[in-house]
Amino acid sequence: MTLADPGLARPNAPLPNRYGAMCTEVYDLDKPPGSLPDVPFWIDRLAGTGGPVLEAGVGTGRLLVPLLEAGFQVEGFDRSADMLAVCAGHCAARGLSPALRQARFQDFAYDRSFAAILVPVGTFNLIDDFGEALGVLRRFFDHLAPGGRLMIDLLPPGFLANERPDIRTWTTPSGDLLRIEGRAMDIDLVRQRRVTHDRYERWREGRLVESELEVMAFRIWGLKEFEMALAMAGFVQISVGADHQSGKRPGRSSRILNFEALRPA
């Protein structure tokens, strides 16, 4: 169902999933390091990992920082320079110095393998092209050591058809009011793709002083579809849970799907 023309082909339309300066500022206010309830889940799942861990799409370090503080050997990459700058600042403030680099999912490359690769909070859904997503899964496979684990959180299928606007506000330490208004602009049920326009605004003393438009594009996966995609990429022992709760199976009310798979030893 198309709600409006997303305008992605227009020359002045922003690139999708850019995560610019205002988007990064809001993300960091909303999700400072260690604030989300999935942190204990990841610490528990990574316990006993005997080697380096790669976080793909590290963002502002909201998960990377607590994992480093828990003693894990973690590094990460992200497409957004703004996100990486904030992440590096959080790490430096805590005396942490992980390896961070700017790269996309589609072309990241390391000259060593990892014991685990993790992609939390639906970040993988931002790869909105089916073929590119399959290529990224194979790239993950190639970057894992034999017996290494891939752990990916995916948004549930119900997210695809959600037409409700997202309107929220935050107050910065300096007193500015930051506002986001996100609206679904294109919902393609056949391609399982959703595009939203997120307008970020900065208000100061009742005046709008800055604004940004972020175009966000997502591809939503079916549960069995993603299991088959992982198998096509070479993974085995594929399992799926829900909502970062040990032993919980996915159901109609699940808010996040937690996949785990192994590269054969």
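Thr171 has Leu177 of β7 as its bridge partner; strands are DSSP runs of E of at least two residues and helices runs of H or I of at least four, numbered from the N terminus. This is a predicted model, in which local features need pLDDT of at least 70 and side-chain atom pairs count only at pLDDT 80 or more, while totals for chains, interfaces and linings use all residues. Residues are numbered from 1 along each chain as its sequence is written, and side-chain values use heavy atoms, with hydrogens and water left out.

**Overall fold**

- The protein chain contains 6 helices and 11 strands.
- Its radius of gyration, taken over C-alpha atoms, is 18 Å, close to the 18 Å from the globule rule (2.2 Å times the number of residues to the power 0.38) for 265 residues, so the chain is as compact as a globular protein of that length.
- The C-alpha trace spans about 60 × 45 × 35 Å along its principal axes.
- Of the 265 residues, 49% count as buried, that is, under 20% relative accessible area with a 1.4 Å probe and protein chains only, whereas exposed means over 50% and partly exposed lies in between.
- Among contacts (heavy atoms within 4.5 Å) with a separation of 6 or more, 68% link residues 24 or more positions apart.

**The β6-β9 sheet**

- An open, antiparallel sheet is formed by 4 strands in the order β6-β7-β8-β9, where pairing requires at least two DSSP bridges between two strands.
- Strands β6 (166-171) and β9 (207-219) lie at the edges, each pairing on one side only.
- From one strand to the next, the twist averages 20°, with axes fitted to C-alpha atoms and angles running from 0 to 180 degrees between N-to-C directions.
- Strand β6 is joined to β7 (residues 177-188) by 6 bridges.
- Thr196 lies in β8 (residues 193-204) and is buried, at a relative accessible area of 7%.
- Beyond residues up to four places away in sequence, Thr196 touches Arg183, Ala184, Met185, Glu214, Val215, Met216 and Phe218.

**Helices α1 and α2**

- In α1 (residues 21-30), the buried residues are Met22, Cys23, Thr24, Val26, Tyr27 and Asp28; their cover includes α4 (81-93), β6, β7, β8 and β9.
- In α2 (residues 39-46), Val39, Phe41, Trp42 and Leu46 are buried.
- These residues sit on the same side of α2 because they cover an arc of only 160° around the axis, judged by the directions from the helix axis to the C-beta atoms.
- Pro40 and Asp44 are exposed on the face of α2 turned away from its buried side.
- The buried residues of α2 pack against β1 (53-56), α3 (64-69), β4 (114-119), β5 (144-154) and β11 (257-262).
- Gly48, which follows α2, has a positive phi near 85°.
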